[in-house]
Amino acid sequence: MPELPEVETVKAGIAPVMTGQLIAKAEVNRPDLRWPFPENMADRLTGRRVLGLRRRSKYILVDLDSAETLLIHLGMSGRMLVSGAAQGAFYHPHPAPAKHDHVVLHMDGGARITFNDARRFGAMDLMPTAAQDDHWLIRDLGPEPLGNAFDETYLVARLKGRNTPIKSALLDQRIVAGLGNIYVCEVLFRAGIDPRRKAGQIAARRVASLVPLIRDVLNEAIAAGGSSLRDYRQSDGELGYFQHGFQVYDREGAPCVTPDCARPISRIVQSGRSSFFCAQCQR
């Protein structure tokens, strides 16, 4: 499932062709995805001007001049694809409609934004912009890991006394928003922390060291356009490239990249998710 860097990359890709533009026509081709679409969604989007795009955790937020915000969740296979507009040095003409093109936004500037989702685990909703913090998908989220509210003091306080593994704690969206399995594995390797360690038993200085490492890993992934493993694509259809720099994730049995180590990377299952780590370098 796309994590923060992938969602940020998609948001950055669609923002230039949506911001300031009118949605000339919105097509909604089915009644639901993971959950039912909001009532009259096509009519509520058609004719509205896009004021700007934001990201909250793994959600894209599109602010409209109707005082509503369109919430977009990509799910496991959702793609926001741009056609009819130049992106960088490339121009992608409008493709023929595809089977899983569930929502299509025709912008008055000629661009088309298509939400394609083969597995239909994605979602869209409309909410009052002024009440967005009360939306059931947003209200319990922790601070953004790239924001000022997420700092060493905050993380040390939130993890103090917690009996859950550090991997599970960092995946808890109530503690920090947007982190997922891939990037937590990479962060813990850089920190030299075993994913099985109880969060409350890790020294405060080591917990504090996670904050800059989280920011480094996320920023590197965003710069690389995210990680493409199965379904993820950028808004121009291109792959992300951060997976080529994985140090532990999806490298079970491969040698550790730490000089003078070369121990095979281990994989265990924690809360139904694979954790990859070096049993020698991570303590």
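Trainee: Which residues is leucine 137 in contact with, leaving aside its neighbours within four places in sequence?
Mentor: In this predicted model, leucine 137 is in contact with Trp35, Tyr59 and Leu71 once those neighbours are left aside, and contact here means heavy atoms within 4.5 Å.

Trainee: Why is leucine 137 called buried?
Mentor: The cut-off for buried is under 20% relative accessible area, and leucine 137 has 13% relative accessibility, so it counts as buried. Leucine 137 lies in a loop, the one between β10 (123-128) and α3 (152-159).

Trainee: Is arginine 55 buried or exposed, and what makes it so?
Mentor: Arginine 55 counts as buried because its relative accessibility is 15%, to be set against the limit of under 20%. Its place is in strand β2 (residues 50-56), and, leaving aside neighbours within four places in sequence, arginine 55 is in contact with Leu4, Val7, Glu8, Lys11 and Glu144.

Trainee: With which side chains does the side chain of arginine 55 make a polar contact?
Mentor: One is the side chain of glutamate 8, at 2.8 Å, and another is the side chain of glutamate 144, at 2.6 Å. A polar contact requires a pair of N or O atoms within 3.5 Å, and the values of 2.8 Å and 2.6 Å meet that requirement.

Trainee: What makes α5 largely enclosed by the rest of the structure?
Mentor: Ten of the eleven residues of α5 are buried, and therefore the helix is described as largely enclosed by the rest of the structure. After α5 comes glycine 192, with a positive phi near 70°.

Trainee: Which residues touch the most other members of the largest nonpolar core?
Mentor: That core has 38 residues, and those touching the most other members are Leu155, Leu159, Ile166, Leu170, Leu210 and Ile214. Leucine 155, not counting residues up to four places away in sequence, touches Phe150, Leu170, Ile175, Val207, Leu210 and Val211. There is also a second, separate core of 31 residues, which includes Ala85, Leu105, Met124 and Leu126.

Trainee: Why is the pair of phenylalanine 246 and tyrosine 249 called edge-to-face?
Mentor: Two values are needed, since a pair of aromatic rings is described by the distance of the centres and the angle of the planes. Rings pair if their centres lie within 6.5 Å, and planes over 60 degrees apart count as edge-to-face; the centres of phenylalanine 246 and tyrosine 249 are 5.4 Å apart and their planes stand at 80°, so the pair is edge-to-face. Both residues are buried, and ring pairs link Phe246, Tyr249 and Phe276 into a cluster.

Trainee: Why do arginine 120 and alanine 262 count as partly exposed?
Mentor: Partly exposed is the range between buried, under 20%, and exposed, over 50%. Arginine 120 has a relative accessible area of 34% and is therefore partly exposed, and alanine 262, at 48% relative accessibility, also counts as partly exposed. Arginine 120 is in the loop between β9 (112-116) and β10 and has a positive phi of about 60° although it is not a glycine. Alanine 262, in the loop between α6 and β11 (266-270), likewise has a positive phi, near 65°.

Trainee: How do you know that the chain is as compact as a globular protein of its length?
Mentor: The chain has six helices and twelve strands. Its radius of gyration is 20 Å, close to the 19 Å that the globule rule gives for 283 residues, so the chain is as compact as a globular protein of that length. Along its principal axes the C-alpha trace spans about 60 × 35 × 30 Å, and 51% of the 283 residues count as buried.

Technical notes: Residues numbered from 1 in each chain as written. Heavy atoms only, no water. Helix = DSSP H or I, 4+ residues; strand = E, 2+ residues; numbered from the N terminus. Buried < 20%, exposed > 50% of the residue type's maximum accessible area, 1.4 Å probe, protein only. Polar contact = N/O pair within 3.5 Å; in protein donor to acceptor, adjacent residues only side chain to side chain. Core = buried A, V, L, I, M, F, W, Y, C linked by side-chain atoms within 4.5 Å. Rg over C-alpha atoms; globule rule 2.2 N^0.38 Å. Phe/Tyr/Trp six-rings, centres within 6.5 Å; stacked < 30°, edge-to-face > 60°.
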